[in-house]
Amino acid sequence: MSSKSPQPHACRAHVGPPPAIEPTLLDEAPLVIQLEREVEEEFREPMRLRLEEKIRQVDDSISGAAPRCDECGDPMKSKGRKNSSFLSRFGKINLRPRTYRCKRCKIRVRPLVNKLGVELGCVSGSLARLLALLGVVVPYELAACLAYLMFGVKVNAMTVWRAVQRLGEACEQYVEAQTRFHTDPNTQVPEPDSAPEAVVLGIDGCMLGMQVRENRRHRQSADEVLPELPPVEDGHFREVKTGVLLLPSQRTEPSPGRRSVIRRVLVTCLGNADMIFDRLWSKIQELGWLGTKTVVVIVGDGAEWIWNRATMFARRCEILDFWHAIECAWKFARLRFGEESKAATKWVSRLAEDLRAGKVESVIKRLRAIKTRSPEEQEKLEDLIRYYDTNASRMRYDEYIRLGYGIGSGAVESSHKQVVHARLRQAGMRWSEDGARRLLALRVLLLNDNWSMLDRLMMKPIAA
Ligand SMILES: [Zn+2]
């Protein structure tokens with residue numbers, strides 16, 4: 001045998017992979033992590049003690065003469081002190097607030113508790129707001145895990161849930177009161193100093209599955225598995241509506257044809273059409289965006305309820321969302337030319353180009369000249385013609401582009417997904433009316449970059 005005889009050529013596919021090696025972990029965390037944690041642990045207790053000390057100083061500063069009753073003005077009588085506590089970022093804080101009582105009105109007050117704005121027996125202060133923040137972003141169970149990983153505080157999901165409910169309720173009540181104020185015909189709002197020339201307003205909605213039962217179910221023990229929830233029945237859905245306000249001047253164009261929005265203000269509600277429009281009206285006033293010359297640009301999908309209520313804005317420009325207009329054309333094109341056919345794409349592209357150029361009348365004329373080949377095709381064509389006919393005055397797309405108003409509600413749809421879908425429409429989620437309302441109120445606060453407003457709201461009591 002010649003030494004030159006060729007070695008069998010190993011085909012890649014026939015060479016087995018090298019044997020897998022079991023991965024190993026470090027024996028312990030790198031030293032720097034250990035040191036950081038040591039310092040944190042070391043100073044947690046001094047911070048806790050320091051907070052207790054500061055609270056005692058506040059107590060000393062207010063414990064002079066007995067306060068007078070708010071109702072009758074009589075001096076109130078001290079009923080002594082009682083051991084109390086609350087959970088802070090640094091652990092359990094003990095305090096002994098004094099209680100005063102008015103004999104005549106039978107009113108009790110604890111000046112220290114009022115001065116601090118603390119909730120005794122609860123998570124309170126900055127920790128409550130941090131837990132709520134986590135609960136607004138991820139499901140409550142996960143939020144409780146994160147609270148431990150991020151702040152070293154051990155709480156259960158119910159504690160996170162409660163923080164969201166109490167702060168959410170405070171936030172929702174504030175928004176409601178502000179809406180009542182701005183929609184009250186007696187409210188006189190001065191003409192804003194520098195109202196914008198135009199404000200774009202859009203609305204989107206979706207359904208949420210609501211709980212059928214009255215109360216939350218509680219596990220009796222940690223390992224009890226609750227039976228699966230029954231499917232949501234018809235009639236147990238509620239619509240969530242999200243409104244978006246933005247200034248055309250604040251739209252940017254990062255690359256040609258791709259518009260994105262820097263600043264948009266969100267408004268949401270679990271309620272009817274009147275409610276979302278009232279809240280939008282209130283928000284636009286609060287922002288100082290509605291001057292006597294401001295044009296409110298309303299982008300809608302053609303739903304009557306939007307146009308009916310848009311009349312509350314004296315100077316307005318109604319726009320039929322361009323993408324809805326095109327989608328309706330697709331329905332006909334798919335039927336006539338076939339799903340995903342080149343002819344359908346070509347037909348719709350030409351139509352889109354003409355609409356964008358503001359030629360809606362000639363498009364309608366062309367549609368009317370089409371000879372259909374089946375009753376189904378005829379029906380879709382008639383739908384399309386009716387849709388364009390009804391909305392023709394809202395389809396001057398060339399003009400809207402020239403004025404910088406934009407032609408689509410993409411910003412609205414993406415905002416709605418951020419407000420609702422990302423947290424409230426995960427698999428198997430079911431909501432109580434109040435629970436959804438409160439969570440939505442907080443999500444909007446966060447997404448509007450206004451979370452710090454919560455520092456200026458007191459937690460509200462909630463029933464159970
Ligand atoms: Zn009194």
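This is a predicted model: local features need pLDDT of at least 70, side-chain atom pairs count only at pLDDT 80 or more; totals for chains, interfaces and linings use all residues.
Residues are numbered from 1 along each chain as its sequence is written. The helices (H or I, at least four residues) and strands (E, at least two) are DSSP runs, numbered from the N terminus.

Let us start with a sheet. Three strands form an open sheet in the order E1-E4-E5, and their pairing is antiparallel. Strand E1 (77-81) and strand E5 (108-109) are the edge strands, as each pairs on one side only. Here, two strands pair if DSSP finds at least two bridges between them. In general, strands of a sheet pair through backbone hydrogen bonds, either parallel or antiparallel. Strand E4 (residues 98-101) runs antiparallel to E5 and is joined to E5 by 2 bridges. If you look for Arg101, you will find Arg108 of E5 opposite.

Now follow the chain into the loop between E4 and E5, where Lys106 sits. Lys106 is not a glycine, yet its phi is positive, at about 60°. Is Lys106 buried or exposed? A residue is buried if 20 or more other C-beta atoms lie within 10 Å of its own, exposed if 12 or fewer, and partly exposed in between, with C-beta atoms placed from the backbone. Lys106 counts as exposed because it has 9 C-beta neighbours inside 10 Å.

Glu340 is not a glycine either, and its phi is positive at about 55°. With 8 C-beta neighbours inside 10 Å, Glu340 counts as exposed.

Another pair of strands shows the parallel sense: strand E11 (residues 295-300) and strand E12 (residues 316-320) pair this way over 5 bridges. Gly300 has Leu320 in E12 as its bridge partner. Together with helix H7 (residues 304-310), E11 and E12 make a right-handed β-α-β unit. Right-handed means that, with the strands pointing away from the viewer, the path from the first strand over the helix to the second runs clockwise.

Finally, turn to helix H13 (residues 410-424). The expected span of a helix is 1.5 Å times one less than its number of residues, so the 15 residues of H13 should span 21 Å, which agrees with end C-alpha atoms 20 Å apart. H13 bends by about 35° at Lys417, the bend being the angle between axes fitted to the seven residues ending there and the seven starting there. Buried residues in H13 include Ala411, Val412 and Ser415.
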